[in-house]
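This report looks at one protein chain, from a single residue up to the whole fold. Please keep the structure open while reading.

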Amino acid sequence: MPGTAAPSNSPEGAFAGRLPVVRELLRFSWRLYLVEDTPRVLLLSKAPRAVLQAVFYTLLAGLLPAGGGSGATAGGEAAFAGVSAFVMCLSTVIGASGVQPLDRDERTLVPQLAGRVPPLRILLARCLPYAAEGLLLSLVTVVLAGLVLTGPATVADLLARAGIYAVMALTTVSLGAAMGVLALLGRSELLLGNTALYLVLVLSGALPAPALPEWTQAVAGLLPLTHGVAALHHSLAGQPFAGQLLAELGVGVLWLAAVAALVRLWAHRTRTRGHADGG
């Protein structure tokens, strides 16, 4: 009947019952992010670093032999498009990979295991602000560095493709989350996060590079950003890009599945060993 609430045991009722918990979890994650990474830090540290790295890597690309990238666009504009996407990884990979180790160091992992909300949901909610931050850093870089390196026309073209950047922010944050959970198993968050960051830089096509061995192409295909940068290049060149964008989403789903499996492994190991420390 119209106006009748869905039974609590129905799928609709169960989803409606979870909404307040989801809202509170997202609100708490955002507030915790603002405590750990204040707007001042974002404005005076992270944004300048992203812009300067974009300038450096774009100028470096001009010194490298032709190679890498999708070939859909040419010259500095293609290099800048890839680099402007890569700078989000400073947040989505490095930032997100530090979420779980920080909880470990602050001794808040055991309460997560004992609570009503599964640790996986807490982790994903904690990582979402870093996806938003990474997207913001890329768009700020497009404007500030793009006006100097490429010009207003390219800046407008890239801003019009913010949706592609948003997809890459979500896929790369999945990689960062996976590195963070792996770090719980061995206390190696700095090594894992930075290794993932530079693998993405070298193999994804974000930075045009000399020809690499063929086997690296298989690795690159499993990394976030690879297909997203290709989609960005093809879109700028007026070529079809839906296939590359779907592939980027698929890679993100694979890394999300890896996160879920790693969280399950970590939770099982923690419960059987009776502690939440890695190593």
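Is Leu159 buried, exposed or partly exposed? Leu159 is partly exposed, because its relative accessible area is 37%, where buried means under 20%, exposed over 50% and partly exposed in between (1.4 Å probe, protein chains only).

## Basis of the model

This is a predicted model, in which local features need pLDDT of at least 70, side-chain atom pairs count only at pLDDT 80 or more, and totals for chains, interfaces and linings use all residues. Residues are numbered from 1 along each chain as its sequence is written, and side-chain values use heavy atoms, without hydrogens and water.

The average pLDDT (the predictor's confidence in each residue, from 0 to 100) of the protein chain is 85, and 86% of the residues score at least 70. Over residues 67–74 the pLDDT stays under 50.

## Overall fold

The protein chain has 14 helices and zero strands; these are DSSP runs, numbered from the N terminus (helices: H or I, at least four residues; strands: E, at least two). Of the 279 residues in the protein chain, 44% are buried.

## Leu159 and its surroundings

Leu159 belongs to helix H9, which spans residues 152–159. Together with Val143, Leu144, Leu147 and Val148, Leu159 makes a nonpolar surface patch of about 440 Å². Helix H8 (residues 119–149) gives the most to this patch, with four residues.

## A covered helix

Helix H13, residues 226–236, is mostly covered, with nine of its eleven residues buried. Among them are Val229, Leu232 and His233. Just after H13, Gly238 has a positive phi of about 75 degrees.

Conventions:
Contact = heavy atoms within 4.5 Å. Patch = residues over 30% accessible without salt bridge, like charges linked within 9 Å, V, L, I, M, F, W, Y side chains within 5 Å. Areas by Shrake-Rupley, 256 points an atom, 1.4 Å probe, with all protein chains shown as cover. Salt bridge = Lys/Arg side-chain N within 4 Å of Asp/Glu carboxyl O.
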